[in-house]
Amino acid sequence: MRALFSMTWSSITAQSPSGKTRRVSGGIFVAGPAGGHAHPRGRGWILPAALSAAVLLAGCATGVVPAQRSGADASGSRTTRGLTVADRRVQSIAERDRVLFNYRTAALALRNGEYDLAKEKLDDAIVRIGGIITNDAEAARARSLFTAESNKPFIGEPYERVMAYYYRGILYWRDGQPDNARACFRSGQVIDSDPGQQGYDADYVLLDYLDGLASAKLNTDGGDAFRRAQQRLGEQRALPPYVEDANVLVFAEFGYGPRKYAAGEYGQQLRFYIDDSPTHSARLVLEGGKLIVPLPGYDDLGHQATTRGNRVMDHILGNKAFFKSSTSVAGDVALAGAVIANDQARRRERQGKDGDDANYAAVGLGLLGMIGKVASAATQTQADTRQWDNLPQRLSFAAVKLPAGEHRGRLEFLDRTGTVLERRSQPVTLSVTPDGRDTVVFLSELKR
Amino acid sequence: MNLTSRLFLVGIAATSAFLAGCATTAGVRDPAGVPVTEMRPDERGFVAGTGIESQDLVSVTDKMARSILSIPQIARAQVPPSIVLDPVVNNTRFPINKDIFLTRLRTQLNSKAMGQVSFLDREMMKTLERERELKRSGQVTASADPNVVEFGGADFFLTGKLDGMTTRTSAGTSDYVLYSFRLTDARTSRIVWEDVAEVKKQGLEDAAYR
């Protein structure tokens, strides 16, 4: 019996995320009287109680169910019936990670020039992130104590959702639909509005600048949007004024975007790690150096990720962490009480008195203590750190007027001091169409 | 009641109290979110709304089709006027398939107008011109003299515009979209008909996404 409780206690403490092992009574929880001093009634009571506790623990030990993959499994489950090969390939991604998969694939496709694939993935993602998610069972479970936040369908933090709209806007513009592109930039700015942190409301420079440029191209007034963009950029730098007959729109990105990690004693705090990229700006060198198009970094996703303030979900995770901590402490107290009760029972028995009450109390407190420890261990407090991990750090844009035809040049990346990072330079060829439609060029320092 | 029994009871009470704290969303308003609700534009909303959906398209184009057919220039015309559709302009924050509005409006008008209006297919102009050139050059047969200009000119232009307003706060997101369509006389440039439809929607997301 002692061995059983000892083993169980060890297994509970081993689950503590803090990695600390708290021991009671010299590391062994003594559930009842030992050896020949045991009271017959007490011993008979302890066994079923211990078994119950073991069953309880076994039930709790399942923890978080791993992300269910709805694709084909070895047994050919019913979920795969009636699906084509293409369906199966798509469904091998867990539904809750579908948007994340779309994000990553779209960014990669955009960099590889596979624009139709990028559009398909972004449209699929935007259908999910563009709506209002309510009464979602998985989201509700993510708020519950014993399910991790990462069990909810992923839509990403605001900076990730903004980027989905930003990329889609570029593709709409490429298709000759500046008004739909503008719609995407506006949606991005709405997503970034009303942050928990004051002073960072809808503060993407490029989204406003491009909103205004699209309006100007559509023969409407883009002045307000331009002024907002200039205000967000600050007084020390000036945005280039709109050139309405500029027919080449250059979208550039460089550096690696923010990385998420879980902080706090129980991993309940979502934090961002930003490794500042050596590339601070870029420039497009065309016509053998006769034309240099500056591409300064207007927006920094690291800044955007870290200026949103607290989420409501952070509050929920904080509550979960409090519960986890409290139940652990309660478990410790109950287990300590069980030890005290057990000691008293043994003392009374040595004095020839009835120790039944104390024995029952020891067992009861022991069970309560274990319930507390199990509840604590099963509480899932970790913040969701799934992330769109191939985002850039900085975004840039320039509009230039070029004659129709092919233009060769190179894209140069510059460090903080304006020195060219030679090894990062890329050859560039622009094909300007003669049909009057804007030629949209997407340039990225990132390969994947 | 001795000390151990008291300890036991206190333990039960303490554990129960901690377990009662299982509600992690304490202090969070509407943790499950508020379902999107469609409201009258003049109704005061509790927050603000969301995007352009199929039901909006259907209701807006139905209303516009009924409205156009009732104007004297269409209802009392001796000869069915010819109308050219011009793409709608999207000024909202929602990317849309712009053609779908005019396509549905045209099909509604064609099905309900009973020959009161006719539409000119300007999207096909390049194809039609190429075909006419083939006929003129004798490369393909012609059932009429291909040198006679028979492409119809527009009596009216029908177009539309979508404008939007968005509010987003911690209480939710709201979107108001104004759909305006107008019919312009090609000869005088006068707007002979104009009508609007309004949709306002609002919702609050699940707390897991806020």
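Predicted model: local features only at pLDDT ≥ 70, side-chain atom pairs only at ≥ 80, totals over all residues.

**Entry 1: confidence**

What is the mean pLDDT of chain B, and what share of its residues reach 70 or more? I found a mean of 82, with 79% of the residues of chain B at 70 or more.

I then turned to chain A, which averages a pLDDT of 81, with 79% of the residues scoring at least 70. Its residues 1–44 stay under 50, and the model has 71 contacts for them beyond four places in sequence. Residues 54–81 of chain A are also below 50, and that stretch has 26 contacts beyond near neighbours in sequence. For the model as a whole I wrote down an ipTM of 0.70 and a pTM of 0.76.

**Entry 2: where the chains touch**

**Entry 3: a sheet with mixed pairing**

Next I followed the strands of chain A. One open sheet has 4 strands in the order β6-β7-β1-β10 (chain A), and its pairing is mixed. Its edges are β6 (299–300) and β10 (439–444) of chain A, each of which pairs on one side only.

Inside this sheet I looked at β1 (residues 248–256) and β7 (residues 392–400) of chain A, which run antiparallel and are joined by 8 bridges. As an example to find on screen, I picked A:F254, whose bridge partner in β7(A) is A:R394.

Which strands of the sheet does α7(A) touch? I found that α7(A) packs on the sheet against β1 and β10 of chain A, and that its direction makes about 145 degrees with that of β10(A). Helix α9 (residues 205–217) of chain A lies across β6 and β7 of chain A, running at about 25 degrees to β7(A).

**Entry 4: an antiparallel sheet**

I found another open sheet of 4 strands in chain A, in the order β5-β4-β8-β9, and here the pairing is antiparallel. The edge strands are β5 (291–296) and β9 of chain A. From one strand to the next the twist averages 25 degrees.

I walked across this sheet pair by pair. β4(A) and β5(A) pair over 6 bridges, and A:L286 stands opposite A:L291 in β5(A). β4 (residues 281–286) also pairs with β8 (residues 405–414) of chain A over 6 bridges, where A:L286 stands opposite A:G409. Then β8(A) is joined to β9 (residues 426–432) of chain A by 7 bridges, and A:R408 stands opposite A:T429 in β9(A).

**Entry 5: two helix pairs**

At what angle do helices α5 and α7 of chain A cross? The axes of α5 (residues 115–129) and α7 (residues 158–174) of chain A come within 10 Å and cross at roughly 135 degrees. α5(A) and α7(A) are therefore oblique to each other, and I noted that their crossing is left-handed. Residues that meet here include A:L122 and A:I126 in α5(A), and A:Y165 and A:L171 in α7(A). By class, this contact has 10 nonpolar, no polar and 4 charged residues.

The other pair I checked was α8 (residues 178–191) of chain A with α9(A), which pack at about 155 degrees with their axes 9 Å apart. α8(A) and α9(A) are therefore roughly antiparallel to each other, and this crossing is left-handed. Among the residues that meet are A:F185 and A:R182 in α8(A), and A:L210 and A:D211 in α9(A). I counted the classes for this contact too: 6 nonpolar, 3 polar and 6 charged.

Note on methods
Residues numbered from 1 in each chain as written. Chains lettered and ligands numbered in written order. Axes fitted to C-alpha atoms, helices over the stretch in contact; angles between N-to-C directions. Parallel < 35°, antiparallel > 145°, perpendicular 65-115°, else oblique. Left-handed = near helix turned anticlockwise from the far one by under 90°. Contact = placed C-beta atoms within 7 Å. Nonpolar A, V, L, I, M, F, W, Y, C, P; charged D, E, K, R; others polar. pLDDT = per-residue confidence, 0-100. Pairing = 2+ DSSP bridges.
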